Amino acid sequence: MVAPAFPKTSETFLFEKAAGLVERGHEVTVVCGSSEEREWGRFQGHRMERELRKRVRVAAPSRPRWKVGIHGPAAVAKSFLGNARRASRYFREGVRGWRDLYLDAELIAARPEVVHFEFGATAVGRMHVGERLGCKVVVSFRGYDLNFAGLEDPHFYDEIWQKADGIHCLGEDLWRRAQRRGCPPEKLHALIPPAIDAGFFRRRMKRAVEEAGTAERPLRILSVGRLEWKKGYEWGLEAVARARRAGVAVDYRIVGDGGYYEAVVFARHQMGLDDVVTLCGSMDREGVREEMERADVLLHAAVSEGFCNAVLEVQAMELPVVCSDAGGLPENVVDGVTGLVTPRRDPKAMAERLAQLARDGELRLRMGRAGRERVEAEFGLERQMERFEAFYRKVLGR
């Protein structure tokens, strides 16, 4: 598994995937650009934390040059000691081969049968590993890589479409986008959605049927996600402001951090929501679960989204969802069954849905139960592992 960083709180799906494959008996190595102790702390107590620590390899830095000079000899030596025959293939490529040898040292030493680039953009310029290492190459597309990366270049992913042995997308929406970006429709591919630990994300307290949205019992709204423009926080705040003007008392909490913090704070103040909107910052899994336990509804106003694990997690916690129709969200939430889907950038529609859920405690309860049932049936870790195993068997031809 190749990723820019491991682990990351915002990418728990990679942690769970690695854990699941190891538990099923596969030899997994994670090669990443960074692995921070602060992020590991967020996974403290996870059943596979210690085991996965042993399997993470941080690749040698590609910049600045002085670091390359320091790490270069050790990386090259590791390549030849780990797999001299494959490393010699790089050597025969000349200057470019030496550069790739340095960057791919951890991959060479791992002797992989399958190299899985977990994000499309990180696979650009890396398709040589299949031939040189004598392995298969799989590339995942999870949202950003198809929606934003390389849009100015119509040939940005051409080498991947030509040389990757398999393409993984989270759902139908991303597969259609991949084809619009040039992927042949006959390309070997798999649509495998995210999975969550439904045993961890499980309600501990029974939810009462009650009306919400009054001064005595405000509607408790929650959002979980990085503070970035594509999550649509301004539209969510506008929806909350509209609901409030319509007479729905609210308590809105936002869990997450990121570079869009100042914009969210400004929007909150401009809309007169300082007294009802709390920015909670980043939280570990236990903290997120507690916030979900407390909430009545998840609001996800994204303008662009691949699929969204947080939306799956709240459904496992028996929370209804009010979300936009961005990207894979309509595949994640069944409109009218597990939540309510609105057009993106439509705060009026979102406010109306919030008011509807505030008035109808029975509807909140019914949607919450349906969400839990669907997550257990469709998005469990075991099912996801079975799908990845079947896909890898196809890629390997066995």
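Analyst: The model is a predicted one, and the values below are computed from it. Helix α19 runs over residues 381–396, and because 16 residues at 1.5 Å a residue should span 22 Å, the 22 Å found between its end C-alpha atoms agrees with that expectation. Within α19, the buried residues are Leu 381, Gln 384, Met 385, Phe 388, Glu 389, Phe 391, Tyr 392 and Val 395. An α-helix has 3.6 residues a turn, so residues three or four places apart point the same way. On the face turned away from the buried side, α19 carries the exposed residues Glu 382 and Lys 394. The cover over the buried residues of α19 includes α1 (12–23) together with the strands β4 (114–117), β5 (136–141), β6 (166–169) and β7 (189–191). Just after α19, Gly 397 takes a positive phi of about 75°.

Turning to the cores, the largest nonpolar core has 61 residues, and those touching the most other members are Phe 117, Val 139, Phe 141, Ile 160, Trp 161, Ile 167 and Met 292. Helix α15 (residues 309–316) supplies the largest share of this core, namely five residues. Leaving aside residues up to four places away in sequence, Trp 161 has contacts that include Phe 141, Leu 146, Ile 167, Arg 181 and Lys 187. A second, separate core of 32 residues has Ala 243, Leu 273, Leu 354 and Ala 358 among its members.

Technical notes:
Residues are numbered from 1 along each chain as its sequence is written. This is a predicted model: local features need pLDDT of at least 70, side-chain atom pairs count only at pLDDT 80 or more; totals for chains, interfaces and linings use all residues. Side-chain values use heavy atoms; hydrogens and water are left out. A nonpolar core is a set of buried Ala, Val, Leu, Ile, Met, Phe, Trp, Tyr and Cys residues joined through side-chain atoms within 4.5 Å. Buried means under 20% relative accessible area, exposed over 50%, partly exposed in between (1.4 Å probe, protein chains only). Helices (H or I, at least four residues) and strands (E, at least two) are DSSP runs, numbered from the N terminus. Contact means heavy atoms within 4.5 Å. The expected span of a helix is 1.5 Å times one less than its number of residues.
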